[in-house]
Amino acid sequence: MEISAVLQSIENTSIASSIRDSLYLFPMLESMHVIGLAIVFGTIAIMDLRLLGLASVNRPFHKVAADILKWTWIAFIITFLTGGLMFSTNATAYFHNSVFQAKMALLLLAGFNMGIFELTTGRTLGKWDTSPSPPRAAKRAAVVSLTLWIGIIFLGRWIGFTTSHSQPKEDTAPQINLDDLFPGAADDSKAPAPPETPKN
Amino acid sequence: MNEFALWLSQTYPSVLIQTHNSWMIPTIQSIHIAGIGIVLVSVFMMDLRILGLAGRDQTLRQTTSRFGPWLMWALVALLVTGALMVIGEPVRELVTFSFWFKMVLVAVGTVIAAIFLRTLKRNDQRWEEAVTERASIKLMAVFTFLVWLAVIVLGRLIAYDHIWGAWSPAQRL
């Protein structure tokens, strides 16, 4: 199946169209997405600051992790699901949106960074668990993680300012534009469209 | 308020943000969101400690001295970036129901946090361990977290203020 057909069928699902038709669902999904990512970012920051030896230094790393990681994952699932539902409302446009693509790339990199840390430095946890200043590789992973997550937040916010301009208007399939659905939505409709892009 | 918003939108700092809005607004908003993450999780960790769901190897005071300063400084950062957003887009922010409702809840959340952190500082260790057993304190912890969640929802709803219908002042413009 062609990717465009897949994207089209995602947009055509009843759940995607009921989100588009509702005045409240999209803003509510966005709000839950922000709550989820706030918890993801905040909890990851606690872990990273511990790895950097900048905070919670008197607590063993495994105790900090035990308190926090489950919440990170719960929040990540919420963020992933709400993000997926928002994606479904305008799948073709998001898929071809370069800011969205960059955000997904950073998410993957953050996943790789975590995986590499778990498989290398994480394996030797016993040696540095109580140390206020973990090994250099752990600090490097923490800096990479913080940088990537801040980048993810930036790109995520940027998507809201670009979606409606990502495809030419005379495009094929019945194009649904978020701006048309939320005519009063000051945010992403009034917001900084590049001057050369005509507002629809 | 409408006149004030219009006046503000013509001041120099506002015009400066407006002319560079293509990158300034998303940048300020992103810093604001990162700050929200720090505030929410700081409150969350203290509330979890009160509820006995995290950090049980630490006293309540150890937990609050770990997260209290982050909470307060992140709130300052939110105030600054929030003010910049108001200056940059006064009408979009000030002429909404969501914004003012949000400000009320921000005040409620901040006052609760300030009173809590201050009372804790003034009392001894035994008091703080006894206090975490109280149902009213546990209830307050849950309430506080819900207040901050509502603040986040209202912040997002500033962009969709028309969903409040007649409550939205923008509808009467």
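Start in chain B of this predicted model and select helix H3 (residues 21–51) together with helix H8 (residues 135–157). Their axes come within 9 Å and cross at roughly 165°. With an angle over 145 degrees counting as roughly antiparallel, H3(B) and H8(B) are therefore roughly antiparallel to each other. If you look at how one passes over the other, the crossing of H3(B) and H8(B) is left-handed.

Now show side chains at that contact. From H3(B), pick B:Ile36, B:Val39, B:Leu40, B:Val43, B:Phe44, B:Asp47, B:Ile50 and B:Leu51. On the H8(B) side, what they meet is B:Ile137, B:Lys138, B:Ala141, B:Thr144, B:Phe145, B:Trp148 and B:Ile152. Colour by residue class and the contact of H3(B) with H8(B) splits into 12 nonpolar, one polar and two charged.

Zoom out to the whole of chain B. Of the 173 residues in chain B, 39% count as buried. For contacts in chain B with a separation of 6 or more, 79% come from residues 24 or more positions apart.

Next, hop over to chain A. How many helices and strands does chain A have? The count is 10 helices and zero strands. Buried residues make up 40% of the 200 residues here. Take the contacts in chain A between residues at least 6 apart in sequence, and 78% of them join residues at least 24 apart.

The average for chain A is 85, and 81% of the residues score at least 70. Which elements of chain A have the lowest and the highest mean pLDDT? H10(A) has the lowest, at 45, while H3(A) has the highest, at 97. Select residues 165–186 of chain A: the pLDDT there is below 50, and beyond near neighbours in sequence this stretch has 30 contacts in the model. Do likewise for residues 189–200 of chain A, where the pLDDT is again below 50 and the stretch has 15 contacts in the model beyond near neighbours in sequence.

The residues in the contact of H3(A) with H4(A) divide into 19 nonpolar, eight polar and two charged.

While you are there, follow the chain into the loop between H3 and H4 of chain A, which is the place of A:Ser56. Check its backbone torsions: phi of A:Ser56 is near 55°, a positive value in a residue other than glycine. Is A:Ser56 buried or exposed? A:Ser56 counts as buried because it has 23 C-beta neighbours inside 10 Å, against a cut-off of 20 or more.

Back in helix H3 of chain A, click on A:Ile44. Since it has 24 C-beta neighbours inside 10 Å, A:Ile44 counts as buried. Leaving aside neighbours within four places in sequence, A:Ile44 is in contact with A:Thr72, A:Ser145 and A:Trp149.

Chain A supplies 33 residues and chain B supplies 30 residues. On the side of chain A that touches chain B, the elements giving two or more residues are helix H3 (25–51), helix H4 (61–89), helix H8 (136–159) and helix H10 (186–190). Which one gives the most? That is H3(A), with 12 residues. By class, the residues on this side of chain A are 21 nonpolar, five polar and seven charged.

How values were computed:
Residues are numbered from 1 along each chain as its sequence is written. Chains are lettered from A and ligands numbered from 1 in the order in which they are written. This is a predicted model: local features need pLDDT of at least 70, side-chain atom pairs count only at pLDDT 80 or more; totals for chains, interfaces and linings use all residues. Two residues are in contact if their C-beta atoms, placed from the backbone, lie within 7 Å. Helices (H or I, at least four residues) and strands (E, at least two) are DSSP runs, numbered from the N terminus. Ala, Val, Leu, Ile, Met, Phe, Trp, Tyr, Cys and Pro count as nonpolar, Asp, Glu, Lys and Arg as charged, and the others, Gly among them, as polar. Axes are lines fitted to C-alpha atoms, for helices over the stretch in contact, and angles run from 0 to 180 degrees between N-to-C directions. Angles under 35 degrees count as roughly parallel, over 145 as roughly antiparallel, 65 to 115 as roughly perpendicular and the rest as oblique. A crossing is left-handed if the near helix is turned anticlockwise from the far one by less than a right angle, and right-handed if clockwise. A residue is buried if 20 or more other C-beta atoms lie within 10 Å of its own, exposed if 12 or fewer, and partly exposed in between; C-beta atoms are placed from the backbone. pLDDT is the predictor's confidence in each residue, from 0 to 100.
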